[in-house]
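Please keep the sequence and the structure in view while reading.

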Amino acid sequence: MSWPAGNPLRPLLGFGYWVQGFQCFPWMGVSFFLKDSLNAAPSTLQLLQTLADIPKIIKWFHGIVSDAIYIRGQHRIPYIAIGDQDWKEDEQLLDLSMRNELEEEPVPSATSWLSIGYFPSSGISIFTITLLLCVSNLGASIVEVVHEALVTEVGRQMSQSSPSTGLKSFVMVASSVGGVFGNFLSIRGIKHYSPKRMFVAFGLLLSVQLLTTFTVHESSLDLPKSASDSGIQEKFFELSIALCEPKILYAIAWYATSYAIVPSFKGTMFFHQTQHLNLAPSVLVYSSLFGEAATLLWSITYSYNQRLQSVPPGELISIVQVIMALFKFSNVLFVNGFYKKIGIEDSLYVVIFLGLSDVLSGFRWLPFSVILAKLCPQGCEGSLMAFVMSSIELAYFICRTLGIALMILLGISENDFSKLPEAILIQVIFTLLPLCWSSCILIGVS
C-alpha cells in the first residue's frame, strides 16, 4: 500500500478516520451527563441515543449528492467541510447553479457539540440535547459517507486483485487508534472534568479537522474521473440498477438484518453496571478502551496475516457471528452472577469480556467491505457505500427500538434487572438466526 509523494490521501483519510474513532470521547460523556445531570431512565437513555442516530439513516442521499454534484470541480472534499461546519459558512464555495439543489444540506457538527458544552446545565433539557445531537450526527454522517467513498474509489484503483483490502485496513487502524486515544482521555475527563468540557474539546477538534480540510484540493488525490456528468436522478437510477444485482442486494440485506433482528440493551447494561453493580465510571471506560485495542489488533492482523486474508470473507463473517453469540450467552451467566461465584470480579469481566462483546460485530465490517468493493460498480462508490451505511443505521434504529420495547415488556428498569438474563438469551437466539442463510448469500459472493 503506497501513495505517490505529495499525495495528501494518507493524512486526509488517517486523520479523518482517527476523528471518527475519537467520537467515543464525547459520547461517553453524553451517557454520564444524561444519567447524572438529567436523571434519565435506562429506556430514556437508549431512546435518546436511538433518536439522535436518525439523521444517519439518510446517508444514502448524501452519497448520491456527492457522486452527482461537483462543487468547483470537487465532489468529495467540499462535503467533508460541509459536514464539519455550518452550511452558511461554506455557501461561498458553491456555484449559483448548485445552491438550489443543496439548500437542504446539513448544518454544523462542531457547532452542535460546542453548543451543548456551553449551554447552561440548568437550562438544557433532554429534548434540546437530543436535537443538538441529531444535528451533530447529520454532519458526521456526511463526513463518514465521503470517507467511505474515497476508500472504495482509491482502494480499487490501487489494487485490482484485492480491492481496497490494504486501504480498508489502514483506515480501520486509524479509527481504532482514535478510539483507543478517545477512551484513554475519557478516563481522565470523567474523573477530573465535567462532561460539558469534553463536549467543548471535541467541538474544537472538529473545527481543526475543518481547517485542515481546506488545505487539500481534490485534484491532488488523483481520484478516477467520472465517465460522465450525471445529475442526482441519474445517480439514483445507477444506484437502483446496482441494487437490482442479486449478489449486492442479498449481501447488504443479510448484513443489515444481522443487526436489525438482535435487540440492543446498551442503555440497560450501562445502568446495570453503574447502579446495580456500582462499578466505577473508569471501569466502563477501560472496557471501551479494551474493545478498541482489540479492534486495532484485529485490523493489523487482518492487514498482514496472509493466511487470514486467504479465508473467504463470507466464511470469516459467519465465524465472527458464532463468536458473538457465544459472548452474549456468556453475558447471561454474568448477569446471573455465575462468574462472581467462581471468583471472577465483575469489574474484570466488564473490562475484558463486555469490552470484546461490544466490538465483535464491528469485526465483520472489514471482510464485508472487501466483498462490497468487489461487487460495487464503478462510478457508484459513494452512492452504494452510503446506501449500505444507511441500511446499517436503520438496522441500529430497529434493534434499539426492539430493545426498548422488550425492556418495557419484561418490566426491566433502573431498579429491577431480574428479567435481564431472559432478555439477553433472546439476543443469543436472534444472533444465531442469520447463520441459517449466510452460506447461500455471503459465501457465494466471497
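## An enclosed helix

Helix α20 (residues 365-375) is largely enclosed by the rest of the structure, because nine of its eleven residues are buried, where buried means under 20% relative accessible area, exposed means over 50% and partly exposed lies in between (1.4 Å probe, protein chains only). The buried residues of α20 are Trp 365, Leu 366, Pro 367, Phe 368, Ser 369, Val 370, Ile 371, Leu 372 and Ala 373. Helices here are DSSP runs of H or I with at least four residues, strands are runs of E with at least two, and both are numbered from the N terminus.

The axis of helix α19 (residues 346-363) comes within 6 Å of that of α20, and the two cross at roughly 10°, the axes being lines fitted to C-alpha atoms over the stretch in contact, with angles from 0 to 180 degrees between N-to-C directions. The two helices, α19 and α20, are therefore roughly parallel to each other, since angles under 35 degrees count as roughly parallel, over 145 as roughly antiparallel, 65 to 115 as roughly perpendicular and the rest as oblique. Ser 361, Gly 362 and Phe 363 of α19 make the contact with Trp 365, Leu 366 and Pro 367 of α20, contact meaning heavy atoms within 4.5 Å.

## Basis of the model and overall picture

This is a predicted model, in which local features need pLDDT of at least 70 and side-chain atom pairs count only at pLDDT 80 or more, while totals for chains, interfaces and linings use all residues. Residues are numbered from 1 along each chain as its sequence is written, and side-chain values use heavy atoms, with hydrogens and water left out.

The protein has 23 helices and zero strands, and 57% of its 446 residues count as buried. Of the contacts between residues at least 6 apart in sequence, 84% join residues at least 24 apart. The accessible surface is about 18,600 Å², with 63% of it belonging to carbon and sulfur atoms, as computed by the Shrake-Rupley method with a 1.4 Å probe, where for residues only the protein chains shown count as cover.

## Charged pairs

Three salt bridges are counted, a salt bridge being a side-chain nitrogen of Lys or Arg within 4 Å of a carboxyl oxygen of Asp or Glu. One of them joins Arg 400 to Asp 53, with the closest N and O atoms 2.3 Å apart. Because Arg 400 lies in helix α21 and Asp 53 in the loop between α3 and α4 (59-68), this pair ties together parts that are 347 residues apart in sequence. Both Arg 400 and Asp 53 are buried.

Asp 36 pairs with Lys 35, and their closest N and O atoms are 3.0 Å apart; Asp 36 is partly exposed at 46% relative accessible area, whereas Lys 35 counts as buried at 16%. Asp 346 forms a salt bridge with Lys 340 at 3.7 Å between the closest N and O atoms, and Asp 346 is buried, with a relative accessible area of 11%.

## Individual helix positions

Ser 390 belongs to helix α21 (residues 381-410) and counts as buried at 4% relative accessibility. Leaving out residues up to four places away in sequence, Ser 390 touches Lys 56, Ile 57, Ile 58, Lys 59 and Trp 60. Ser 282, in helix α15 (residues 281-304), is likewise buried, with a relative accessible area of 15%, and, with neighbours within four places in sequence set aside, Ser 282 is in contact with Ile 187 and Lys 191.

Ile 426 lies in helix α22 (residues 420-432) and counts as partly exposed at 27% relative accessibility. Ile 426 touches Pro 263 and Leu 406, not counting residues up to four places away in sequence. Ile 426 and Phe 329 are 97 residues apart in sequence, and their C-alpha atoms are 9.6 Å apart in space.

## Loop residues with positive phi

Asn 39 has a phi near 55°, a positive value in a residue other than glycine. Asn 39 sits in the loop between α2 (24-37) and α3 and is exposed, with a relative accessible area of 63%. Asn 278, in the loop between α14 (266-276) and α15, also has a positive phi, near 55°, and counts as exposed at 58% relative accessibility.
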